[in-house]
Amino acid sequence: MAVDLHVHSTASDGCLTPVEVVELARGKRLAAIALTDHDTVNGLEAAADRGKQLGLQVLPGIEMSCEIGNQEYHILGYCLDYQSPVLLARLRELMNSRTGRLQLMVERLGRAGIMLDLDRVKEIAGAGAVGRPHVAQAMIERGYVNSRTEAFARYLNRGQPGWVAREKITPADAIRLIRQVGGVPVWAHPGRHFSPEALEEFVGIGLMGIEAWHPDHPEQHARAIVAEAESRKLVVTGGSDFHCQGEGWELGSYTVPDWTLDQLMELSNQPLSG
């Protein structure tokens, strides 16, 4: 039975609501999904409730945006206590930094001749964690660009007129936070940044798994990651990194076997050491 462990919704930068994501997954006959929105757990309760109604298992998850210097990393967290006051307080801090960043982005774009309504960008984000995809959507609405890809390439990526750095925690901080609230930290789509040395460092901090099966990873690269993971007895995960239908990889296009869920749930019960 196929399981997609990397899925986004409108709680962050996806196009479908958490309920719609669950319904789509059920229609694709997936055994389970993990909802892993960026720096938020706001969609998990609605997704879990709909999953129970449809007989689809929804694993609680999150994808935390991290940085060391100018290098970006993402850490997935599975089976975490998403109602933990410790987790929610830290996520509120990150959300506040996103809001401040948004205002600066709109101001900088304005100086470049891209006039956007700050309130409209917030409206597009809704209850989700506001970010660059929502700015891109506002730019499309106003006719400045034709796609998200163009918006990012010309205006929103690092070095472009609308770029504003935002607060990001380090991978070590994310790993420790996820472990602190009972979750299983997994290095998401390491891609070209993967190395055995970096993996060893993260494992020393508390990393418990790595995402090998992902659209960014050619099969040979994925298998090399699997070999390194197995030598360290890490859980190997995978998923489509689904955001929008018809844009990027479709839900269920990258999956892992359902017994991976058993591994994650078993690991989530391990006590913290040290």
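This is a predicted model: local features need pLDDT of at least 70, side-chain atom pairs count only at pLDDT 80 or more; totals for chains, interfaces and linings use all residues.
## A cluster of rings

Ring pairs join Y73, W187, F194 and F202 into a cluster.

Let's look at the pair formed by Y73 and W187. Their rings are tilted, with 6.2 Å from centre to centre and 45 degrees between the planes. Y73 belongs to strand β4 (residues 71-78) and W187 to strand β5 (residues 184-187), so this pair ties together parts that are 114 residues apart in sequence. Are these two residues buried or exposed? Y73 has 14% relative accessibility and counts as buried, and W187, at 1%, counts as buried too. The cut-off behind these words is simple: buried means under 20% relative accessible area.

Y73 also pairs with F202, and here the arrangement is edge-to-face, with the centres 5.8 Å apart and 85 degrees between the planes. F202 sits in helix α8 (residues 196-205) while Y73 is in strand β4, so the pair ties together parts that are 129 residues apart in sequence. With a relative accessibility of 3%, F202 counts as buried.

## Helices α3 and α4

Now to the helices. Two packed helices are described by the angle between their axes and the distance between the axes. Helix α3 (residues 85-111) and helix α4 (residues 118-125) have axes that come within 10 Å and cross at roughly 135 degrees. That angle makes α3 oblique to α4. The crossing of these two helices is right-handed.

Which residues make the contact? From α3 come T99, L102, Q103 and V106, and from α4 come L118, V121 and K122. Sorted by class, the residues of this contact are four nonpolar, two polar and one charged. You can find a helical pattern in such lists if you keep one idea in mind: an α-helix has 3.6 residues a turn, so residues three or four places apart point the same way.

## Helices α5 and α6

On the α5 side, the meeting residues are R132, P133, V135, A136, M139 and I140. Their partners in α6 are R148, A151, F152, Y155 and L156. By class, this contact has nine nonpolar residues, no polar ones and two charged ones.

## A closer look at A136

A136 lies in helix α5. It counts as buried, with a relative accessibility of 0%. Leaving aside residues up to four places away in sequence, A136 touches V145, R148, A151, F152 and L156. For a sense of scale, A136 and H214 are 78 residues apart in sequence, and their C-alpha atoms are 24 Å apart in space.

## The enclosed helix α7

How many of the 10 residues of helix α7 (residues 171-180) are buried? Seven are, so α7 is largely enclosed by the rest of the structure. The buried residues are P171, A172, A174, I175, L177, I178 and R179.

What do these buried residues pack against? Their neighbours are β3 (57-68), β4, α3, β5 and α8. After α7 comes G182, with a positive phi near 80 degrees.

## Positive phi in two loops

D39 has a positive phi, near 55 degrees. This residue is found in the loop between β2 (32-35) and α2 (44-54). D39 is buried, with a relative accessible area of 4%.

K233, which is not a glycine either, has a positive phi of about 60 degrees. K233 lies in the loop between α9 (219-231) and β7 (235-238). Here the relative accessible area is 77%, and K233 is exposed.

How values were computed:
Residues are numbered from 1 along each chain as its sequence is written. Side-chain values use heavy atoms; hydrogens and water are left out. Axes are lines fitted to C-alpha atoms, for helices over the stretch in contact, and angles run from 0 to 180 degrees between N-to-C directions. Helices (H or I, at least four residues) and strands (E, at least two) are DSSP runs, numbered from the N terminus. Angles under 35 degrees count as roughly parallel, over 145 as roughly antiparallel, 65 to 115 as roughly perpendicular and the rest as oblique. A crossing is left-handed if the near helix is turned anticlockwise from the far one by less than a right angle, and right-handed if clockwise. Contact means heavy atoms within 4.5 Å. Ala, Val, Leu, Ile, Met, Phe, Trp, Tyr, Cys and Pro count as nonpolar, Asp, Glu, Lys and Arg as charged, and the others, Gly among them, as polar. Rings of Phe, Tyr and Trp (its six-membered ring) pair if their centres lie within 6.5 Å; planes under 30 degrees apart count as stacked, over 60 as edge-to-face and the rest as tilted. Buried means under 20% relative accessible area, exposed over 50%, partly exposed in between (1.4 Å probe, protein chains only).
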